[in-house]
Amino acid sequence: MIIEAKDVTKRFGGLLALQKVSFRINNNEILGLIGPNGAGKTTLFNTITGFLRPEEGSILFEGKEIVGKRPFDLCHLGIARTFQLVKPFSNMTVLQNAIVGSLNRTNSVREAKERAIDQLHFVGLHDKRNVLANALTINQRKRLEIARALCTRPKLLLLDEVMGGLTPSEIHDMLNLIIKIRELGITLFVIEHIMSAIMSLCDRIIVLHHGQNIAEGKPSEVGVNPKVIKAYLGKEYVVTQSPKN
Amino acid sequence: MLPIFLQLIVSGFLLGGVYALISIGLTLIFGVLDVVNFAHGEFLMLGMYLTFWLFTIFHMDPYVSLFIVAPMLFIIGLFVGRTVIKPIIGSPPSVQIFVTVGISLILMNGALVLWKADFRSVPTSYGSGSLNLGSVFIGYPQLISFLGALIFSALLFPLLKYTYLGKAIRATAQDRKAAMLMGIDIQKVYILTFGIGIGLVGIASALLAPIYSIFPSVGAHFVLVAYVAVVLGGLGSIPGAILGSLIIGMTETFSGFFISPGWRQAIYYAVFVLVLIFKPQGLIAQK
Amino acid sequence: MSLLRVQKINVFWGDLQALFEIEMDVQERELTTIVGANAAGKSTLLNTISGILRQRSGSISFNGQDIEHLPPHRRVELGIIQIPEGRLLFPNMSVEENLELGAYTPIARLKRKENLEKVYAILPVLRDRRKQRAGSLSGGEQQMCAIGRGLMSMPKLLMLDEPSLGLAPLVVQEMFKTIQSINQEGTTILLVEQNVQFALEMAHHAFVLENGRITLRGTGIELLQNEHLKKAYLGI
Amino acid sequence: MLKSDKNIIGNLIKMVLSNIIKKDVELSFSIFGVLLLSLIIGFIQNPFYLDIFIMILLWGILASSWNIAGGYAGMFSLGHGAFIGIGAYTSSMLFIHFDLSPWLGMFLGAIAAGVVASVLGYICGRLKGHYFALATIAFGELAHISGVQLKELTRGSEGLSIPFRPGWANFMFSDKVIYAYIGLAFLAGIYFLCLLIERTKLGYYLVSIREDEEAAKSLGVNTPLVKTLAIGLSGFLAAVGGTFYAQYILFIEPDTVLSFVNFSVQVALITIIGGMGRALGPIVGSFLLTPLSMLLRAYLGGALSGLHIVIYGFLLIIVVLFLPYGIVNTLREYIHNRFSTEG
């Protein structure tokens with residue numbers, strides 16, 4: 001087990017964005033995080049990565065409490081992330097973007113560059129290394145986010161909708177990339193909206209709805225869980241549809 | 001001691017009233033356009049010069065020329081709003097800062113080129129007169145400027161509250177997308193708001209002309225005061241700007257008396273930095 | 001005849017294409033719905049029809065008139081009204097002020113008083129709350145206020161973007177009933193909804209949007225029975 | 001033996017040079033540029049042109065110091081006059097009151113400004129955009145007021161005259177050419193420091209913060225620390241420029257070195273027009289703008305004083321709206337595109 005969260009609660013004013021969310025991620029697992037719009041998925045990512053501080057609850061990373069640590073501290077510990085709305089360093093080249101990530105583990109730009117080039121090869125952006133990041137397509141930007149995060153040498157990588165806005169063939173490639181990342185020994189926690197993708201990718205899935213963890217389990221279990229179907233399709237869908245299944 | 005206190009409170013209040021007119025325009029522009037206007041003070045300077053020339057050439061009383069100066073500044077505001085401000089709405093802060101700083105440099109130094117660095121004044125007959133209420137002295141121009149500020153800011157509230165333009169302005173400030181979906185032409189609202197903000201500065205400039213010397217960099221002082229007031233009250237909030245202005249007026253008279261006149265500005269800059277650091281949303285945060 | 005006709009619309013977010021060759025008709029007096037998963041492009045489509053986003057190519061016509069180059073406020077004047085996702089009320093104004101802003105266009109202003117009474121009749125909760133700050137309303141009341149504000153604009157086409165978002169199930173039912181009755185009174189409705197069951201049951205015609213493309217179209221009942229729909233949502 | 005030694009050395013130099021030119025165009029051009037400028041100084045006979053040249057170097061130094069925080073890290077300070085003033089006043093007061101060599105005074109002033117700037121950076125670092133700019137304006141004004149009010153120390157708005165006792169120890173010279181060489185040495189020093197920053201971890205981190213602070217944080221950049229460092233270094237170097245100014249002009253007053261328009265805005269303006277976030281940017285900016293202002297002032301005299309700033313204002317707006325990356329970056333991009341499309 002690499003990370004364990006217990007009763008994490010986050011409020012925004014009066015709104016309970018996360019209500020006593022608990023989960024654990026095993027080493028080298030791919031855990032999926034799904035839920036309708038506004039369920040609190042990105043908020044959960046932000047609390048794990050130190051961008052938000054939960055009011056209650058604890059998060060243990062490799063057995064150590066990380067609530068209260070800042071994002072860059074967590075990055076040093078080995079937690080990296082991507083952003084749903086990608087955040088490239090627009091006026092830096094692709095290579096320079098990746099170098100910033102690599103510098104997390106070294107002070108030498110030369111070393112950082114070597115690692116950056118490796119990671120750009122890995123995600124398939126090596127050809128674009130001297131292009132400014134703002135000239136990339138959305139697919140390339142998502143890949144750059146991943147490359148940059150991998151450059152920091154994470155143990156746990158959080159991917160926030162890296163398949164959003166991609167074409168079906170790009171999604172297919174992205175799935176393969178994520179599986180390749182797992183083969184490197186990295187644990188993955190993945191938010192995704194594209195159901196067919198996440199169902200085939202993940203070992204386990206947790207479902208958030210109104211800030212609560214409403215279901216957890218294998219993709220096949222979660223997909224037929226009445227609570228989940230209700231959260232996605234509305235109450236009566238279950239009643240009329242489930243007898244047929 | 002009590003009479004002195006009373007005098008300081010009254011003077012601070014009067015001063016704050018005039019600062020309020022400048023601050024309201026600034027905060028209105030920020031609230032609606034989301035642009036910090038670093039050239040705000042230079043429009044004040046421009047208005048004061050206009051008042052001065054109307055007085056010098058046509059012997060026009062500043063309180064009469066107010067009705068010429070304010071509309072002229074409104075029109076100047078519309079022009080600048082349309083040509084320079086509209087393109088930078090939604091741009092990164094760096095762009096907004098340096099474009100409005102650019103406007104400020106042009107106006108301030110344009111005035112220097114045209115009218116020299118000399119201190120000018122508008123010597124009215126009542127300029128040094130004062131009203132004595134017991135032990136409290138109230139200069140006539142101070143009193144008139146305060147009343148003027150009061151009247152015009154009081155007029156602004158029903159304008160914003162009840163007219164369709166006012167509602168459109170408030171709607172745009174609260175939610176741009178929703179405003180568009182109501183059928184509000186927000187581009188027009190932006191330009192008009194900038195015009196109104198600058199027009200308010202025009203009113204302030206005519207009211208201030210009998211009290212203060214006029215020189216090209218006079219705006220810098222007032223605009224910094226206005227910033228302090230606006231940030232105190234929460235950027236974008238009109239009641240906040242008024243309250244902030246009164247606080248600054250008081251701070252200025254009290255610290256001028258108890259510490260030293262030279263240091264009084266330092267006090268509110270220090271307050272300003274502290275507020276920015278610890279309560280950047282302002283002391284009274286509400287749009 | 002169709003009130004709204006969207007032809008071969010392509011829309012981009014920067015470099016990212018959000019909508020691909022969208023073709024869609026909305027028939028007068030009907031309730032049409034667009035369903036689809038998160039980020040499928042539903043809001044983008046409504047915002048393009050409202051003019052807040054611009055298409056890179058394609059055309060939109062309303063009542064036979066080409067509108068794709070009109071600014072948003074001109075489209076509102078024509079009667080294309082959107083009740084946006086998240087409601088977007090003016091939080092610091094009272095309920096009544098919000099409703100009055102709905103009647104901003106010249107034509108709606110003339111009938112403001114009359115329409116206000118109508119709205120209060122349809123949504124009595126708003127009358128009780130009319131002096132209250134819109135920001136202090138409950139989620140359901142806020143949605144009613146947003147619908148009321150939309151009605152004040154005298155819509156010919158009323159577009160609702162995820163009206164059920166964040167509402168309790170009972171409130172959702174009540175709100176859908178309101179929407180249905182507005183439609184039965186004669187207002188054409190274009191409804192974007194995640195609550196697929198409700199939306200399809202109510203709809204005359206429906207479209208399924210997936211990854212920026214329309215993948216299914218038909219009557220509400222037809223789509224309700226389509227197995228592909230469930231797959232699109234749950235990946236099963 | 002001797003001959004072959006010479007040959008070996010000659011060959012070595014050639015090898016090194018060709019290697020530099022092949023591998024590092026930027027560095028070799030820079031060294032060449034510095035050498036060229038030092039040659040040019042020798043040829044300037046006219047004292048007015050020499051004066052212009054020295055002021056170009058001075059503004060280049062000041063703008064380069066601003067560039068470290070404003071250009072690389074995107075921290076738009078409008079209070080740099082305070083740091084320049086701390087430098088100028090510290091060295092001058094120590095010289096006048098304690099007869100301390102301005103060289104040492106410069107160092108102490110720079111330390112003082114660096115510390116003050118770091119503290120400011122630390123506490124204001126989390127303010128964004130407008131708010132940071134406003135806080136630095138207020139800070140600059142505080143410094144200006146202090147300069148006026150602390151009369152016992154600064155002689156207030158009367159200004160401080162520095163007694164002219166030429167000599168290397170006193171950092172004053174009868175021959176202006178020496179100022180020019182010292183100015184060039186300082187500017188070259190800052191320039192190479194910036195080049196170094198661009199190529200090391202600090203530079204990557206500064207730019208990443210400017211481009212997207214959240215993303216930088218997520219990649220392990222300790223943003224509060226890096227921002228504090230950036231503005232501290234920026235303040236330190238600005239103070240060095242301040243001392244150079246004081247030693248050259250021999251008169252300082254709050255309305256010059258501590259002033260908002262004259263210094264705080266101009267250092268930013270020169271950098272923006274030249275190109276932010278590039279070592280060369282502020283220098284190009286200074287080479288364009290400083291002569292412009294000095295020539296205008298010289299030929300129009302007091303008659304149209306302020307005109308140069310009006311022109312600056314228009315240039316600023318035009319550059320920000322149409323060349324948002326400044327001249328150097330735009331040219332670079334142009335050259336880059338041409339080369340990459342043709343080759």
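**Chain D of a predicted model: legends**

View 1. Of the contacts (C-beta atoms, placed from the backbone, within 7 Å) that link residues of chain D at least 6 apart in sequence, 77% join residues at least 24 apart. Residues are numbered from 1 along each chain as its sequence is written, and chains are lettered from A in the order in which they are written. Because the model is predicted, local features need pLDDT of at least 70 and side-chain atom pairs count only at pLDDT 80 or more, whereas totals for chains, interfaces and linings use all residues.

**View 2. Secondary structure and overall dimensions of chain D.** Chain D has 16 helices (DSSP runs of H or I, at least four residues) and two strands (runs of E, at least two). The radius of gyration of chain D, taken over C-alpha atoms, is 21 Å, close to the 20 Å that the globule rule (2.2 Å times the number of residues to the power 0.38) gives for 343 residues, so chain D is as compact as a globular protein of that length.

**View 3. The two assigned domains of chain D.** The domain assignment, automatic or from a database, gives domain 1 (1-43) and domain 2 (48-261). Six residues from domain 1 of chain D and eight residues from domain 2 of chain D take part in the contact.
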